[in-house]
Amino acid sequence: MKNLASVFVVSAFLVGAVGIVRAEDAPPIQRDNSGVNVRDRDDAAVTAGQQSDMKSDVELTRRIRRAVVKDSSLSVMAHNVKIVSANGSVTLRGPVKTEAEKDAIGSKAQAIAGADRVNNELEVRNQ
């Protein structure tokens, strides 16, 4: 019985060692999204860092985010758009899969913030 236990321990060790060697041999995954972030380098671009910390703006962003996330017809990409509120105005940024998603998110934001208070800069990503 001791020998059988020893065989299992040694086998588990060897299987783990092979997994480590395979991971070391695998080419690194490129995680550089600098090209996507080029659009945020423009000084006029609204970024998440410009989100106001005023209670009313935080609440406005929260309400819009909740409406977007609750819509199960939207893609994961659409659920993750940037919603930035400052002084009662909202900017929507980021990629969505279709024009319909862009319109749906824009409509939700307008219904909550007001039609004249939303700047829809969402981009339809052709895949």
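Helices (H or I, at least four residues) and strands (E, at least two) are DSSP runs that are numbered from the N terminus. The model is predicted, with local features needing pLDDT of at least 70 and side-chain atom pairs counting only at pLDDT 80 or more, while totals for chains, interfaces and linings use all residues. Residues are numbered from 1 along each chain as its sequence is written, and side-chain values use heavy atoms, with hydrogens and water left out.

**Exercise 1. State how many helices and strands the protein has, and give their order.**

Solution. Step one is the count, which gives five helices and three strands. Step two is the order, which from the N terminus on reads α-α-α-α-β-β-α-β.

**Exercise 2. Find the buried residues of H3, and work out where they lie around the axis.**

Solution. Buried means under 20% relative accessible area, exposed means over 50%, and partly exposed lies in between (1.4 Å probe, protein chains only). By this rule the buried residues of H3 are Asp-57, Leu-60, Thr-61, Ile-64 and Val-68. They cover an arc of only 95° around the axis, taken from the directions from the helix axis to the C-beta atoms, and so they sit on the same side of H3. An α-helix has 3.6 residues a turn, so residues three or four places apart point the same way. The face of H3 turned away from the buried side carries the exposed residues Lys-55 and Lys-70. Finally, the cover over the buried residues of H3 includes helix H4 (76-79), strand S1 (82-86), S2 and helix H5 (99-113), where contact means heavy atoms within 4.5 Å.

**Exercise 3. Describe how S1 and S2 pair, and what happens between them.**

Solution. Two strands pair if DSSP finds at least two bridges between them. S1 and S2 run antiparallel and are joined by five bridges, with Ile-83 standing opposite Leu-92 in S2. Their hairpin has two residues between the strands, and in this hairpin Asn-87 takes a positive phi near 55°.
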